[in-house]
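Open the model in a viewer and keep the selection panel at hand. The stops below go from one chain to the other.

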Amino acid sequence: MKYEITIGETTRLVTIERDTGDGPATHRLTWIETDTDGTERNETHLVDLLRPSPEAFHMLIDGESWEAGCVASPDGYLVDVVGLTLAVGVVDPRRKALQLGVASAGGLLSTQMPGRIVRVMVAVGDVVKKGQPLIVIEAMKMENEMKSPIDGTIGEVYVSMGNTVETGAKLVRVDA
Amino acid sequence: MHAPLHKVLVANRGEIAVRVVRACHELGIATVAVYSEADRSALHVRNAGEAVCIGPAPSSESYLRGERIIEAALQTGATAIHPGYGFLSENAAFARMVVDAGLVWVGPPAAAIEAMGSKTRARQRMVAAGVPVVPGTTHAIETEQEALTIARGIGFPVMLKAAGGGGGKGIRKVDHEDEFASAWRSTKSEALRSFKDDAVYLEKFVENPKHIEIQVLADQHGTCVHLFERDCSVQRRNQKVVEETPCPVLPEATRQAMAKVAVQAAAAVDYVGAGTIEFLYSQASGEFYFLEMNTRLQVEHPVTEMVTGIDLVRAQLRIAAGEKLWFAQEDLRQTGHAIEVRIYAESPAENFRPAPGKISGLREPGGPWVRVDSGVYAGYEVPIHYDPMVAKLICWGSTREEATTRLVRALREYRVRGIHTSIPFLTAILSDPEFQGGAYSTGFLTPDRLARLSNAGQNARIATIAAAIARFEADIRPGRPPASTPNQSAWKLAARPGSAR
């Protein structure tokens, strides 16, 4: 199987299969890693997975002991490794090809955190720039601006002042 | 044994409510928790002996409703109220209401809270008591012209401060004379908006100071001692991030002088209970200046407990019960070194956005001299309504280096699953050479360093591998997490127990 795995700005195309060799490994993963200087090289890892609970992963990666937690999120997993939680996007390229025909890409703004809508700064039909604040969400006594993902026109606003929203909730659709 | 404190109501939430409940139970005192509708599942409600719901989620309708809290105390037969920190802890009117209701207030007298509550009045009191303050005015300034004249007199840069301010709000640095007019206007309007009081005063700006504070304890019989200093100079947006004691660079003579002044300051307002006097300390000149007094328990009180062996919450309770201090100044020693870090539900890599949500898994660190003061548990949903601090991690060591390496080790052990936390950012701070050097100032977290440290600790490749496996297993065995994997050789099965050691 192949998956596109995205952390921040970096996407890796990972090939994964069960390991059927004689060693203790359960999975074999390969991808092309691009170093900071731009050089590319193949990476292959043999992983021996132990899963004490559905979210707890203990992995011996080429013999190195690593622990990770994987909690499903709307577009992949929240993965914690040594105290740092990362939002990891996982896409099956075959399914992505199917979806592309349906949804317009890139213009949907959704929230990565639950909170309360304290300001809606745009209305349907407004022309906005990428990075322009559209909605302000308050959580834990802090106000956070949610910015437009693209240049475009506001196609739909899904929330209004005072609404409480959960993680992953759609806020605004921006049409390119 | 503590007759006046038969049962204590804890007027707070989160880790500090849990901390106070623990101290009460160790003294054989019964406890009552209060909670908002959003906090039914909070840890302090589970730990206390009794619990009373005091209103809806917003603090203004629950934890800040003094009359409702007093009602809860009377209704449950509590005889005293401990306010923790924040919320109503420095509200003199509430302290008075508690006493008027016939309850014991575990805190300083309302008059002492009032005397220290206004920054300008506190400055006047301190100047009168011979306590050094940052050069500037001790009163609110009337006009912009008058303020500018004073600023010229003490020299730029200066700080404009709201008299009723706190928590880093209503403070503005002015570097040059030509910025003065606009800074004056915006400080005044921010003061009015945030604190309903547009009184503003002015102080000299001290370059690269350390924020050092002295812990004091005073009983009701006129005895006041200090429990040495804490260095709280690692700050982000004027909020403390890391606290340690002793301060790694404070000369002994200055420590003694500062402590003496702190005891003077407390005596000047007839202080009772646990309090903290904050100072700015200039490493360049060796001078120190009174900043303000916090008339309550501090978030960072555990580091003092770790080096002195004095349980400050227990001491607060015994003092409130009328006991005389059971130790003298000369009995107190700073033994070894202690450091605390504050763990927030926030995402450092995403500009520290708050990260409330469900903690699906939690494993706290352990081992010798590791202390976790936490308000959360596995399965708990961190609510969106309150402060994002979820826990504090404190380590002691015989030396500063030992305490630092132990704290880094403990942070690496800490597992919080399901939400983002500041743990990797804290690990990066403790590993920073300037922090380790000890001479860092309140300017330590420059924008550059903040950007570097808040993105530290990414194990992107490990996360990639874990996410790929998680998805792969879900795709080939939908709806069923694989407890065991198919097509395993006998060799692999035999090897399995070994890998689970």
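Two residues are taken to be in contact if their C-beta atoms, placed from the backbone, lie within 7 Å. The model is a predicted one.

**Chain A overall.** Along the principal axes, the C-alpha atoms occupy a box of roughly 60 × 35 × 35 Å. Colour by burial next, and 34% of the 176 residues in chain A come up as buried. Among contacts in chain A with a separation of 6 or more, 38% join residues 24 or more positions apart.

**The two domains of chain A.** Select 2-98 of chain A for domain 1, then 108-175 for domain 2. A distance drawn between their C-alpha centres reads 31 Å.

**Where the chains meet.** Show both chains and select the residues in contact across them: 51 on chain B and 56 on chain A. On the chain B side, the elements that each supply at least two residues are β16 (353-354), α12 (400-413), β22 (415-417), α13 (423-430), α16 (460-476) and α17 (490-499). Highlight α16(B), which gives the largest share of that side, 13 residues. Coloured by class, the side of chain B that touches chain A shows 28 nonpolar, 15 polar and eight charged residues.

**The nonpolar cores.** Now go to the largest nonpolar core, which has 147 residues. The members that touch the most others are Leu9(B), Ala33(B), Val216(B), Phe279(B) and Ile429(B). Centre on Ala33(B). Which residues does Ala33(B) touch, leaving out those up to four places away in sequence? They are Val10(B), Ala17(B), Val21(B), His44(B), Val45(B), Ala48(B) and Ala51(B). A second, separate core has 34 residues, and it includes Cys70(A) and Leu86(A) as well as Ala463(B) and Ala468(B).

**Helix α10 of chain B.** Select residues 301-308 of chain B. This helix, α10, is mostly covered, with eight of its eight residues buried. Step along α10(B) to see the buried residues in turn: His301(B), Pro302(B), Val303(B), Thr304(B), Glu305(B), Met306(B), Val307(B) and Thr308(B).

Notes: Residues are numbered from 1 along each chain as its sequence is written. Chains are lettered from A and ligands numbered from 1 in the order in which they are written. This is a predicted model: local features need pLDDT of at least 70, side-chain atom pairs count only at pLDDT 80 or more; totals for chains, interfaces and linings use all residues. Helices (H or I, at least four residues) and strands (E, at least two) are DSSP runs, numbered from the N terminus. Ala, Val, Leu, Ile, Met, Phe, Trp, Tyr, Cys and Pro count as nonpolar, Asp, Glu, Lys and Arg as charged, and the others, Gly among them, as polar. A residue is buried if 20 or more other C-beta atoms lie within 10 Å of its own, exposed if 12 or fewer, and partly exposed in between; C-beta atoms are placed from the backbone. Domain bounds come from an automatic or database domain assignment. A nonpolar core is a set of buried Ala, Val, Leu, Ile, Met, Phe, Trp, Tyr and Cys residues joined through C-beta atoms within 7 Å.
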